[in-house]
Amino acid sequence: MARFETWVDDKLRDLSEEVAKPVAQFATWHHLRRIRSMTTPEKSAQAPVHSAKQEITETIKFLDWLWETHQRTAANCTQQDIETWLATGPTTRKAIRTFIVFIKNTGTNHRVDMGHYTAKTRPAITQDQRVAWLRELLTGTSESLTYRVAGILLLLYAQPLVRVAKLRTDAIETNESTGNMWITFGPHPVPIPEPFADLLREHLKGRPNLRTGSDAQSPWLFPGTRAGQPLHPNGIMDRLRSLGIDLRGARNTALDEHLLVSPPPLVADALGYSHQIAFLHADAAGDAWSRYVNLRTKP
């Protein structure tokens, strides 16, 4: 929190008053208050702070452009200003939405509005690409063991890397007599196939960042460099992206493949998704399970 407040002060220092004042209000009254209310000693502030930084940075860019181009501020900007800004730049500009909602709710500007952003395309990779990446992470040497295991959890079980980073070792069960392994993402465990099970055993025996006696008892499957914390998901994302993996495309394709062979409720429970999300992905994947009852003609 202290580092975030210092970051905000640094951001505001060189801004014109017309830009700095609304940004300071947005950062203080919305983000700081929200982060303080949701953060506890057991719950890290890393994710909400990261999101807040993105929104504040994009808001500064928008207000800078608005003042320099039209000599308008947050209080008198128009709907056309917002539409022009969104239409003439990258999709990261959609991050100003929270600020637009903020100035509307606080009475700064009632004349503007901005709906939720909807992606025009749904990223995906081919099943052949997914299998090739699984083979590379299972047998290759392009990354360290930790990031190979994290990548396989994404490609095999369609797990978001934010969730992967927070997995605990007690999510994994092993039958000592048979050697079979299971992992839990939802209400019940799912099997871990070979050869991934062997790779996971190797990772569990030599988890990184266990330098002290207390660290040795770390509950995290992926312990971070900060004591008591797991690896930050952004670090995992950066390492896997550097290999060339399309993270969202890989997750979508993995989930689609599961939904093509199993009903959405079963996939949702196995992989820790809501039933609503599973049905939405099933629709996008061309799933026929939702039509199964109507098509069934025999007991």
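Predicted model: local features only at pLDDT ≥ 70, side-chain atom pairs only at ≥ 80, totals over all residues.
Helix α6, residues 127-139, packs with α7 at an angle of about 155 degrees, their axes lying 9 Å apart, and because angles over 145 degrees count as roughly antiparallel, that is how α6 stands to α7. On the α6 side the contact is made by Arg130, Trp133, Leu134, Leu137, Leu138 and Thr139, which meet Arg148, Gly151, Ile152, Leu155 and Leu156 of α7; sorted by class, this contact has seven nonpolar, two polar and two charged residues.

Now to the core. The largest nonpolar core has 48 residues, of which Leu153, Tyr157, Ile183, Ile192, Phe196 and Leu271 touch the most other members, and it is helix α7, residues 145-157, that gives the most to this core, with 10 residues. If we take Ile192 and set aside its neighbours within four places in sequence, we find it in contact with Tyr157, Ile172, Met181, Trp182, Ile183, Ala197 and Leu200. Apart from this core lies another, of 32 residues, including Ala20, Val23, Ile56 and Trp65.

The last pair is α11, residues 247-261, and α12, residues 264-271, which pack at about 135 degrees with their axes 8 Å apart, and these two helices are therefore oblique to each other. Their crossing is right-handed, and the contact brings Leu255, His258 and Leu259 of α11 together with Pro264, Val267 and Leu271 of α12, which by class gives five nonpolar residues, one polar and no charged ones.

Key
Residues numbered from 1 in each chain as written. Heavy atoms only, no water. Core = buried A, V, L, I, M, F, W, Y, C linked by side-chain atoms within 4.5 Å. Buried < 20%, exposed > 50% of the residue type's maximum accessible area, 1.4 Å probe, protein only. Helix = DSSP H or I, 4+ residues; strand = E, 2+ residues; numbered from the N terminus. Contact = heavy atoms within 4.5 Å. Axes fitted to C-alpha atoms, helices over the stretch in contact; angles between N-to-C directions. Parallel < 35°, antiparallel > 145°, perpendicular 65-115°, else oblique. Left-handed = near helix turned anticlockwise from the far one by under 90°. Nonpolar A, V, L, I, M, F, W, Y, C, P; charged D, E, K, R; others polar.
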